[in-house]
Amino acid sequence: MLRVGINGYGTIGKRVADAIRAQPDMTVCGVAKRQPDYVAVGAAEDGYRLFAADADQLEGFRSIGIEPAGDVTDLVERSDVVVDATPSGVGATNRPLYERHDTPALFQGGEDATVAEVSVTARVNYQEATDAEYVRVVSCNTTGLARLVAPLEEAYGVEKVRATLVRRGGDPGQTGRGPINDAVPDPVSIPSHHGPDLQTVLPSIDVDTIGLKVPTTMMHVHAVNVSLTDPPSSVEPIRDLLAAEDRLLTIPDFAGIDGAGTLKDFALDAGRPRGDIWENCLWDASCTLECTDFYCMQAIHQESDVVPENVDALRAITGHCDGPTSQRLTNEHLGIGTNQLHERVGLARDRQPAD
Ligand code: NAD
């Protein structure tokens, strides 16, 4: 059993903790948190051993009836590997702590790529994390783009990717973020930083990205154009190729899922924890081929698509098993590809391959 410590128990940290708990070969040995708040109470009720992110906050946890198991240093000492899910930029300041204890660590996509030896997403470059001490799991948007572009590159070759990323203003719990009534070019300069971030896992891909922020907390939506080197004669084989990817969920037209709101409703109806959607959600009807240009639109659940990637990166960094085995285990124990989400849109998966 791999003992994993989670440092930073917020949007990503709590989801990664639950995903680790669902796996047969790893366990959460504790979570470190700053505030003694409702999330701390939830962690304690869920049976997670709680550590104070700062030693001077121990009393704060005691005052709400939670006895911390120690501070974050104690957590790192007990962990075989740490998942750092602290806010953007904080992870880099934590790296010396992990180094002092000779403990490997995963960082998140909000960190600069230089925080780790390698940036990963399991479908693309799991293998590169196997020799590393410090690994960065790329951001939600980058994960979403990489999962889509990698199979296209393998099957047809990619000349150029152009993607417009319509990004959620904040997560549901981020009450201070916006915009609240606007559509904001963010950044206004083109290309945005997302393209170079994709190249941290797919260095040979020529990509330009444009970013906007809009007033929703639900999901990001990507409008993507991929110029293919050697395209098929129709879009059907591309649809089949993408439908065969475990972490790409093809949304059939009949479903009436017309946006991120219905997607979230669908996920909640299907019993997904927290309404999470770990897969890219690709609208089947948007898949279009014009000469060599493939077009599509996909929605990305920013709070959860990186969760299975963190689980896989844990196996990679500890040399536990190979990439396909890890992805299969993660999918099976989370319910990706086998639970109601896929079953309910199963018609898309039953599509007969084109000649
Ligand atoms: P969050 O703010 O929801 O959670 C961060 C947690 O870390 C909070 O519980 C906070 O109290 C705690 N914390 C703050 N400072 C700390 C410290 N010094 N030591 C320990 N804990 C500390 O943040 P998040 O959205 O979960 O993001 C975490 C990382 O994941 C960031 O790098 C972010 O860019 C990345 N990420 C976020 C999303 C998303 O949509 N939320 C998606 C993909 C990647």
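**Helix packing exercises**

Exposed means over 50% relative accessible area, buried under 20%, and partly exposed in between (1.4 Å probe, protein chains only). The model is predicted, so local features need pLDDT of at least 70 and side-chain atom pairs count only at pLDDT 80 or more, while totals for chains, interfaces and linings use all residues. Residues are numbered from 1 along each chain as its sequence is written, and side-chain values use heavy atoms, with hydrogens and water left out. Helices (H or I, at least four residues) and strands (E, at least two) are DSSP runs, numbered from the N terminus.

**Exercise 1.** Find which residues of helix 5 are buried and what they pack against.

Step 1. Helix 5 spans residues 90–100, and Gly-91, Asn-94, Leu-97 and Tyr-98 are its buried residues.

Step 2. Viewed down the helix axis, these buried residues fall within an arc of 95°, so they line one face of helix 5. The arc is that of the directions from the helix axis to the C-beta atoms.

Step 3. The buried residues pack against strand 1 (2–7), helix 4 (72–78), strand 4 (81–84), strand 5 (105–107) and strand 7 (134–137). Contact here means heavy atoms within 4.5 Å.

Step 4. After helix 5 comes Asp-102, with a positive phi near 55°.

**Exercise 2.** Describe how helix 1 and helix 11 cross.

Step 1. Two packed helices are described by the angle between their axes and the distance between the axes. Axes are lines fitted to C-alpha atoms, for helices over the stretch in contact, and angles run from 0 to 180 degrees between N-to-C directions.

Step 2. Helix 1 (residues 11–21) and helix 11 (residues 307–317) have axes that come within 9 Å and cross at roughly 55°. This makes helix 1 oblique to helix 11. Angles under 35 degrees count as roughly parallel, over 145 as roughly antiparallel, 65 to 115 as roughly perpendicular and the rest as oblique.

Step 3. The crossing is right-handed. In a right-handed crossing the near helix is turned clockwise from the far one by less than a right angle; anticlockwise is left-handed.

Step 4. From helix 1, Arg-15, Val-16, Ala-19 and Ile-20 meet Val-307, Asn-310, Val-311 and Leu-314 of helix 11. By class, the contact has six nonpolar residues, one polar and one charged. Ala, Val, Leu, Ile, Met, Phe, Trp, Tyr, Cys and Pro count as nonpolar, Asp, Glu, Lys and Arg as charged, and the others, Gly among them, as polar.

**Exercise 3.** Is Asp-131 buried or exposed?

Step 1. Asp-131 lies in the loop between helix 6 (122–125) and strand 7.

Step 2. With 75% relative accessibility, Asp-131 counts as exposed.
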